[in-house]
Amino acid sequence: MLVRHELAAKAAKVERRLEASSRVRMNAQELQQVLVNLIVNAAHAIPRNGTIRLSTREWSRGGVVIGVEDDGEGIPPALLDRVFDPFYTTRHQGSGLGLSVSFGLIRRYGGQLTVASEEGRWTRFEIWLHRQPVYTDDEEALMERYVDNS
């Protein structure tokens with residue numbers, strides 16, 4: 001419902017390219033929480049009539065990559081390293097917890113949440129999940145940051 005409302009408010013176009021056939025084992029509600037957060041953030045970033053691209057593909061290391069990309073304003077390079085920090089936000093009404101919580105959920109299953117962006121053009125988040133979870137509760141591992149500055 002929240003996603004539908006945010007997309008309608010921007011008259012957003014959603015493109016899907018779902019190529020992965022593998023299944024991954026992760027709590028469905030937790031994965032949904034991560035996806036809702038990424039899609040809502042994308043909806044906030046795009047202009048009216050903007051596009052959000054959802055994709056899946058096989059990961060050669062035995063899993064799936066889920067992508068959420070938008071054609072919004074992008075993230076300035078100086079801020080990319082901070083997007084997963086707790087309480088960091090650039091929105092007036094944001095809590096700054098969505099990406100941080102999402103990052104922790106994915107890392108708990110041994111996956112990665114990455115971000116790449118070109119300022120003024122696009123941002124892409126990718127969720128990298130193993131078919132079978134590689135559970136971790138190691139605080140250091142959970143706090144590692146994965147930012148693709150390319």
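W59 is buried in this predicted model, with a relative accessible area of 9%. W128 is buried too, at 18%. Since buried means under 20% relative accessible area, both values fall on the buried side of the cut-off.

The rings of W59 and W128 form an aromatic pair with an edge-to-face arrangement. W59 belongs to strand β2 and W128 to strand β5, so the pair links distant parts of the chain, 69 residues apart. A search of the whole structure gives three aromatic pairs. A pair of aromatic rings is described by the distance of the centres and the angle of the planes. Two of the pairs are set out below with these values.

| Pair | Centre to centre | Angle between planes | Arrangement |
|---|---|---|---|
| W59 and W128 | 5.5 Å | 75° | edge-to-face |
| F84 and F103 | 4.9 Å | 40° | tilted |

Which residues does L38 touch, not counting residues up to four places away in sequence? They are V68, L99, L113, F125 and I127.

**Helix α4**

The buried residues are L99, S100, S102, F103, G104, L105, I106 and R107. After α4 comes G110, which has a positive phi, near 85°.

**The second largest pocket**

The space in the second largest pocket is about 160 Å³. Its lining is made up of R17, E19, R53, S55, T56, R57, G67, V68, E69, R124 and E126. Two or more of these residues come from each of β2 (51-59), β3 (63-70) and β5 (122-130). Strand β2 gives the largest share, four residues. Sorted by class, the lining has seven charged, three polar and one nonpolar residue. V68, one of the lining residues, is also among the residues that L38 touches.

**The chain as a whole**

How many helices and strands does the chain have? There are five helices and five strands. Read from the N terminus, the order of elements is α-β-α-β-β-α-α-β-β-α. The chain has 150 residues, and 43% of them count as buried. Among contacts with a separation of 6 or more, 73% are between residues 24 or more positions apart. The pair of W59 and W128, 69 residues apart, links distant parts of the chain in this way.

How values were computed. Residues numbered from 1 in each chain as written. Predicted model: local features only at pLDDT ≥ 70, side-chain atom pairs only at ≥ 80, totals over all residues. Heavy atoms only, no water. 1 Å grid on protein atoms, 1.4 Å probe; cavity = no way out; pocket = protein on both sides within 12 Å on 5 of 7 lines; lining within 4 Å. Points joined across faces, edges and corners; volume = space filled by probe spheres on them. Nonpolar A, V, L, I, M, F, W, Y, C, P; charged D, E, K, R; others polar. Phe/Tyr/Trp six-rings, centres within 6.5 Å; stacked < 30°, edge-to-face > 60°. Buried < 20%, exposed > 50% of the residue type's maximum accessible area, 1.4 Å probe, protein only. Contact = heavy atoms within 4.5 Å.
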